[in-house]
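User: Could you take a close look at the salt bridges in this model for me, and then say how the packing around them is put together? I would enjoy one connected walk through it.

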Amino acid sequence: MRRTPHLPEVPETVETQDDDERPSKSELKRQMHELQVLGEALCELSVARLSALDLPESLLDALKEFHNTRSFEGKRRQMQFIGKLMRRIDPEPVREAVAAAKLGSAKESLALHAAERWREEMLASDDALTRWINAHPETEPQRLRSLVRAARKDLQAVAVEQRHGRSYRELFQLVKSGLAAAQSTPEPEEDTDE
């Protein structure tokens with residue numbers, strides 16, 4: 001009869017230290033997938049934003065290769081490779097750059113929509129024109145009024161499929177630059193001391 005060596009019993013309440021510190025296989029896969037998704041967002045950033053991130057040369061080369069790849073399967077494999085390279089870097093600066101890029105484009109869209117709204121209001125009524133001049137005193141009122149008059153005239157003459165006239169586009173550019181100037185100048189702080 002063969003004897004089995006007697007092993008000391010380990011209480012079940014004591015856990016080994018390795019199990020607590022090491023993430024599960026599922027968690028590792030989730031992290032790798034998140035890095036790959038972050039890599040996809042990184043591919044959408046402009047060259048100027050990428051150069052500001054101070055990424056390793058190998059990752060920059062992989063991103064360039066991704067843009068040069070044409071086939072779907074090739075892009076998929078290259079994206080996996082980018083995800084693998086992303087594991088070697090700190091992802092936080094990349095996340096911040098991607099978030100800033102998305103926020104910046106959203107702000108630009110909102111500014112364009114605001115300029116469109118102002119232009120349409122000015123073309124619809126003279127009251128909006130007066131409100132604009134009061135809100136933006138740096139605008140030349142004479143030039144603004146002449147652009148509005150010409151744009152109104154162009155709107156009446158324009159067919160549905162034709163482009164809008166030059167004054168219509170110039171009015172938009174004037175409004176857009178006026179809004180940008182208003183956002184870039186800080187408003188004066190009011191003194192609360194009496």
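Analyst: Happy to! A salt bridge here is a side-chain nitrogen of Lys or Arg within 4 Å of a carboxyl oxygen of Asp or Glu. With that cut-off, Glu-116, Arg-119 and Glu-120 are linked in a network of salt bridges. Please keep in mind that this is a predicted model. In total, the structure holds eight salt bridges.

Let's go on to Arg-131, which has two partners worth a look. One is Glu-121, with the closest N and O atoms 2.8 Å apart. This pair links distant parts of the chain, since Glu-121 lies in helix α6 and Arg-131 in helix α7 (residues 126-135), ten residues apart. The other partner is Asp-127, and here the closest N and O atoms are 3.8 Å apart. Asp-127 and Arg-131 both belong to helix α7, at a spacing of four residues, about one turn of the helix. As for accessibility, Glu-121 is partly exposed at 29% relative accessible area, Arg-131 is partly exposed at 38%, and Asp-127 is exposed at 52%.

Glu-73 pairs with Arg-76, their closest N and O atoms being 2.4 Å apart. Both sit in α5, three residues apart, again about one turn of the helix. Glu-73 counts as partly exposed because its relative accessibility is 36%, and Arg-76, at 34%, is partly exposed too.

The axes of α2 and α5 come within 8 Å and cross at roughly 110 degrees, so α2 is roughly perpendicular to α5. On the α2 side, the contact is made by Leu-35, Gln-36, Leu-38, Gly-39, Glu-40, Leu-42 and Cys-43, and α5 brings Met-79, Gln-80, Ile-82, Gly-83 and Met-86. By type, the residues of this contact divide into seven nonpolar, four polar and one charged.

Several of these names return in the largest nonpolar core, which has 22 residues; those with the most contacts inside it are Leu-42, Leu-55, Leu-59, Ile-82 and Met-86. Two or more residues each come from α2 (25-43), α4 (57-68), α5 (72-86) and α6 (91-124), and α2 gives the largest share, five residues.

Technical notes: Residues are numbered from 1 along each chain as its sequence is written. This is a predicted model: local features need pLDDT of at least 70, side-chain atom pairs count only at pLDDT 80 or more; totals for chains, interfaces and linings use all residues. Side-chain values use heavy atoms; hydrogens and water are left out. A nonpolar core is a set of buried Ala, Val, Leu, Ile, Met, Phe, Trp, Tyr and Cys residues joined through side-chain atoms within 4.5 Å. Buried means under 20% relative accessible area, exposed over 50%, partly exposed in between (1.4 Å probe, protein chains only). Axes are lines fitted to C-alpha atoms, for helices over the stretch in contact, and angles run from 0 to 180 degrees between N-to-C directions. Angles under 35 degrees count as roughly parallel, over 145 as roughly antiparallel, 65 to 115 as roughly perpendicular and the rest as oblique. Contact means heavy atoms within 4.5 Å. Ala, Val, Leu, Ile, Met, Phe, Trp, Tyr, Cys and Pro count as nonpolar, Asp, Glu, Lys and Arg as charged, and the others, Gly among them, as polar.
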